[in-house]
Amino acid sequence: MIKAIKGTKDILPESIRNWKYFENVITSVFNIYNYQEIRTPIFEETTLFSRGIGEATDIVGKEMYTFEDRSKTSVTLKPEMTASVVRAFIEHSLGKKQSFNKLYYISPMFRQERPQAGRLREFHQFGAEALGSNSPLLDVEMINIAYDILKGMGLKDLTIKINSLGTPVSRKKYIKLLKKYLKDKENLLSAESKNRIKKNILRIFDSKLENDIEVMKNAPILLDHLDNESIEDFEQVKSILKVSQIPFEVDASLVRGLDYYTKLTFEIISGNVGSQSALCGGGRYDLLVEQLGGEPTPATGFAAGMERILIACENEKSFNTLQTAIKIYIVCLDTNLISNAFNFAQSLRKNNISAEIDYLNRSIKAQMRDANKLNTEFVLFFGGEEFKSNSAQLKNMASGKQELISLDNVLNKIK
Ligand code: HAM
């Protein structure tokens, strides 16, 4: 039997209701904040991601779905949206048409990670990218939007963590200090962290291994070695968050897994989803547009994992969606009249009434069971003696009341 690829999931009709509800919350919040939707292709030239996200990151190093197409171009299924949005922003000169752009997206992403609860190989993100302003207000706006959407999904157990990664110049100076600190402690680190000293030293802070945590406990922290501008911006972010009464924690070890960040970074963590607890992450990336060939354009954004959020919602029982009810079920009493019943259903559907009939030649009892299962508001018993006088019995399923009604009046009665 052919099965879905490991780490991918079918979203079946029974869960689509929750996805639609979620998508409605997302789009209504983005509308309130005046963001425009952008859609980009599922695959891009591989160099976009290797240059945009960074060669030394886990995503580029070991998680991308990369292949050569028939014309020998190396293409990659998008592992994230920021690089794609920036590519589209540059390609279509969006910055020239409008000096400030606020964009949002909902899209599948692909990363070949080890699948586990809340971690998939095809997963869905919603997110935002705002390009053209270096205001810390906008960083706070990102946190607000993400927080509003998560709250809109009814989630309560949320922690916002923020950090500043400074400018590349201050980061470079700090990395020298960190290397010095780790020089005589290398042997105490795990093999993976040892490897990271040369490739991506900040990510050692991400390690969950006890020995690594012990070593990093006393390491110098980047927050103590920031440039003045990053410090000022960070202070402003914190004070606006306080005024907006958004609870947050400063987490000096929040380094994020992508190379493009400058200054503010943030994550929102759930206490209710197990080990894959980061529901969303983002931050400022003031140099990426230039690095990918555009005009210097400060930018900030975030993305959130939809499957993880839905797991958190399920665990917190945070919202309920009702199955959309069918308006009317036409129970056909007489097999000879099935095409008349079908035509009658069609005439109601053409008037925007959701109508269902039986396609399986079921008994009247079985049709009634089906009508109940579908949460039907009305049942029309089509056929019998009543049909001769162009009428039928109409049953209101909530009250149980039944009445004889002319077929010409059904539409008006149930509308
Ligand atoms: P990221 O932290 O790599 O950031 O991903 C954002 C969110 O996507 C994570 O917090 C997580 O909820 C979800 N996610 C990531 N990988 C998986 C996976 N394998 N399975 C399920 N969910 C996953 C970015 O992607 C950046 N582009 C965010 C950003 C936008 N920064 C600035 N602008």
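Analyst: The largest nonpolar core has 92 residues, and those touching the most other members are F30, Y35, F126, L182, F266 and F302. A nonpolar core is a set of buried Ala, Val, Leu, Ile, Met, Phe, Trp, Tyr and Cys residues joined through side-chain atoms within 4.5 Å. Buried means under 20% relative accessible area, exposed means over 50%, and partly exposed is in between, using a 1.4 Å probe on protein chains only. This is a predicted model, in which local features need pLDDT of at least 70 and side-chain atom pairs count only at pLDDT 80 or more, while totals for chains, interfaces and linings use all residues. Residues are numbered from 1 along each chain as its sequence is written, and side-chain values use heavy atoms, with hydrogens and water left out.

The element that gives the most to this core is α6, with nine residues.

Consider F30. Leaving out residues up to four places away in sequence, F30 touches Y35, Y104, F126, G127, A128, I145, I149 and F302; contact means heavy atoms within 4.5 Å.

F30 is one of the buried residues of α1, along with W19, F22, V25, I26 and V29. Helices are DSSP runs of H or I with at least four residues, strands are runs of E with at least two, and both are numbered from the N terminus.

Why do the buried residues of α1 line one face of the helix? Seen down the axis, they fall within an arc of 125 degrees, so they line one face; the arc is that of the directions from the helix axis to the C-beta atoms. In general, an α-helix has 3.6 residues a turn, so residues three or four places apart point the same way.

The cover over the buried residues of α1 includes β5 (101–110), β6 (122–131), α6 (136–152), β11 (299–305) and α12 (306–316). On the face turned away from the buried side are the exposed residues P13, K20, N24, N31 and I32. Just after α1, N34 takes a positive phi of about 65 degrees.
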